[in-house]
Amino acid sequence: MNFKQLSKEELHQIYNRQKAEYDSLVSQGYKVDIARGKPCNEQLDITDAMLKLEGIENMPKSYRNYGMLDGIPEMKKLFAQILGVDSSEVILGGSSSLNLMYDTIQRNLQFGVCGGTPWNKSAAKFLCPVPGYDRHFAICEHFGIEMINIPMDAEGPNMDLVEQLVANDDSIKGMWCVPKYSNPTGVTYSDRVVERLATMKTKASDFRIFWDNAYVVHDLLDETDHLANIMELCKKAGNADRVYEFTSTSKITFAGSGVSCIATSANNVKDILSHMTMQTISYNKVWQYIHYLYLKSVDNVRAIMAKQRAIIKPKFDAIVNAFADNLGEDSGIAKWTNPNGGYFITLTVMDGCATRVYNLCKAAGLTLTPAGAPFPYGRDVSDGVLRIAPTFTSDSDLVVATQILICCVKLACTEKLLED
Ligand SMILES: Cc1ncc(COP(=O)(O)O)c(C=O)c1O
């Protein structure tokens with residue numbers, strides 16, 4: 001049923017039905033939250049094994065002391081294998097990759113890139129594929145970096161626009177990318193997009209891509225999406241210094257209590273360490289070693305992620321199936337993603353309805369990520385995008401969340417169609 005083809009009378013009937021269902025849902029006093037991409041307890045329980053491991057007594061004695069600013073070789077090697085880079089290109093950080101991204105931007109603003117002019121000597125701009133990760137945009141906003149929206153399509157960011165902008169504006173210093181199972185669209189960048197990012201001409205010689213590979217091993221299917229190796233392509237194109245790649249074990253082991261890393265060229269590694277050495281003497285090598293003991297190898301990481309997949313895939317399926325059953329593929333009021341990995345489903349509702357859906361859900365006890373959040377400055381001009389994070393919520397709460405959400409989508413959209 002396409003809502004846009006219904007008569008006013010038919011719309012009224014649907015509206016009245018939805019309003020009655022909505023009122024009944026509100027009266028239940030539900031309290032459900034599908035706002036943030038957090039692992040659920042069952043996923044985290046898997047990692048409890050890390051706290052009971054044998055072998056910690058074999059940790060090299062030197063790890064107990066200061067030193068090794070770039071981290072322990074065992075974990076550097078494991079991250080290097082996961083990302084397809086050389087160990088010498090990896091610096092381990094603390095528990096948060098977002099922290100490394102923040103530090104990298106702050107460093108470049110204040111000290112410039114590899115001894116160049118500090119970014120803050122003039123107005124710096126960043127390209128932001130949208131919808132994207134709200135915390136990336138919050139960092140830019142915090143530092144007063146102007147953000148330019150780049151529409152995402154099925155293969156990644158619109159590269160015609162990216163190429164044209166970076167070729168002509170030397171105040172564009174950076175670009176955010178979540179290249180695999182993008183937050184929140186689930187898109188994995190195609191080979192062609194990655195190649196164009198690696199080879200494009202940039203007016204700013206200190207332009208950097210912030211390649212946030214947060215979901216590198218976070219598959220929802222048995223097969224992993226293929227993502228081209230941007231560091232390799234940049235080297236081939238003579239742009240070896242173009243990329244800072246980030247990842248962490250936040251959603252492999254414990255969220256917010258894992259190990260993070262940055263992978264980048266030899267020049268950038270040297271530059272980063274020259275500043276990092278003023279920040280800290282070393283990160284937590286004991287925790288890095290415990291992670292190494294637990295994670296062991298890429299194959300083992302994949303085996304751990306398969307266990308997590310078995311827990312969270314049914315949650316994604318429950319939502320997507322409920323949307324298909326209750327909204328339908330050709331309703332004209334909503335479409336949604338069915339991602340191969342990552343932590344999010346994007347629900348796109350009829351233009352002008354996302355904020356209304358968010359508010360209706362809130363009043364019925366369902367917390368969503370605020371409408372607009374996946375856009376710089378919280379501004380979604382279409383007011384159509386909602387981000388759904390299915391992982392944290394219990395299966396029974398997810399049934400309630402989906403029922404409320406579907407009811408609110410129908411209610412908000414019929415309301416709007418009746419107004420128009
Ligand atoms: C794209 C992306 N990057 C980074 C993070 C946070 O990573 P960390 O816990 O390593 O700071 C998240 C968390 O949701 C994310 O979605």
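Trainee: Where is P131 found?
Mentor: P131 is in the loop between β3 (125-130) and α5 (134-143). Helices are DSSP runs of H or I with at least four residues, strands are runs of E with at least two, and both are numbered from the N terminus. Before we go on: this is a predicted model, where local features need pLDDT of at least 70, side-chain atom pairs count only at pLDDT 80 or more, and totals for chains, interfaces and linings use all residues. Residues are numbered from 1 along each chain as its sequence is written, and side-chain values use heavy atoms, with hydrogens and water left out.

Trainee: What is the peptide bond from V130 to P131, cis or trans?
Mentor: Cis, with omega near -5°. Most peptide bonds are trans.

Trainee: And which bond joins N183 and P184?
Mentor: A cis peptide bond, with omega about 10°. P184 is in the loop between β6 and α7.

Trainee: What reaches the backbone oxygen of P184?
Mentor: The side chain of T346, at 2.6 Å. That is a polar contact: a pair of N or O atoms within 3.5 Å; within protein, one must be able to donate a hydrogen and the other to accept it, and residues adjacent in sequence count only if both atoms are side-chain atoms. T346 is found in strand β11 (residues 345-349).

Trainee: T346, buried or exposed?
Mentor: Buried, because its relative accessibility is 4%. Buried means under 20% relative accessible area, exposed over 50%, and partly exposed in between, using a 1.4 Å probe and protein chains only.

Trainee: What does T346 touch, beyond residues up to four places away in sequence?
Mentor: P184, T185, K335, W336, T337, V385 and L386. Contact means heavy atoms within 4.5 Å.

Trainee: Switching to the ligand. Which residues surround the ligand?
Mentor: S96, S97, L98, Y133, V178, N183, D212, A214, Y215, S248, S250 and K251. Each has a heavy atom within 4 Å of the ligand. N183 is in that list, and N183 is also joined to P184 by the cis bond.

Trainee: Which side chains have an N or O atom by a ligand oxygen?
Mentor: Among them are S96 at 2.8 Å, S97 at 2.7 Å and K251 at 2.6 Å. The protein covers 88% of the 400 Å² of accessible area that the ligand has on its own. Those areas come from the Shrake-Rupley method with a 1.4 Å probe.

Trainee: Where does the ligand sit?
Mentor: In the largest pocket. A pocket is an open set of points on a 1 Å grid over the protein atoms alone, where a 1.4 Å probe fits, with protein on both sides within 12 Å along at least five of seven lines. A molecule sits in it if more than half of its atoms lie within 2 Å of its grid points.

Trainee: Now helix α4. Is I105 buried or exposed?
Mentor: I105, found in helix α4, is buried, with a relative accessible area of 0%. Leaving aside neighbours within four places in sequence, I105 is in contact with F126, I139, F143, I145, W176 and F210.

Trainee: What about N108?
Mentor: N108 lies in α4 too, which spans residues 97-111. N108 counts as buried because its relative accessibility is 1%. Not counting residues up to four places away in sequence, N108 touches V113, P118, W119 and Y244.

Trainee: Which residues are buried in α7?
Mentor: In α7 (residues 191-199), V193, V194, R196, L197 and A198. Their cover includes β5 (156-157), α6 (159-168), β6 (172-177), β7 (208-212) and α8 (230-236).

Trainee: Last one: where is Y283?
Mentor: In the loop between α9 (266-279) and α10 (285-295). The C-alpha atoms of Y283 and D70 are separated by 8.0 Å, though 213 residues apart along the chain.

How values were computed. On a 1 Å grid over the protein atoms alone, a cavity is a set of points where a 1.4 Å probe fits but cannot get out, and a pocket is an open set with protein on both sides within 12 Å along at least five of seven lines; lining residues have an atom within 4 Å of a point.
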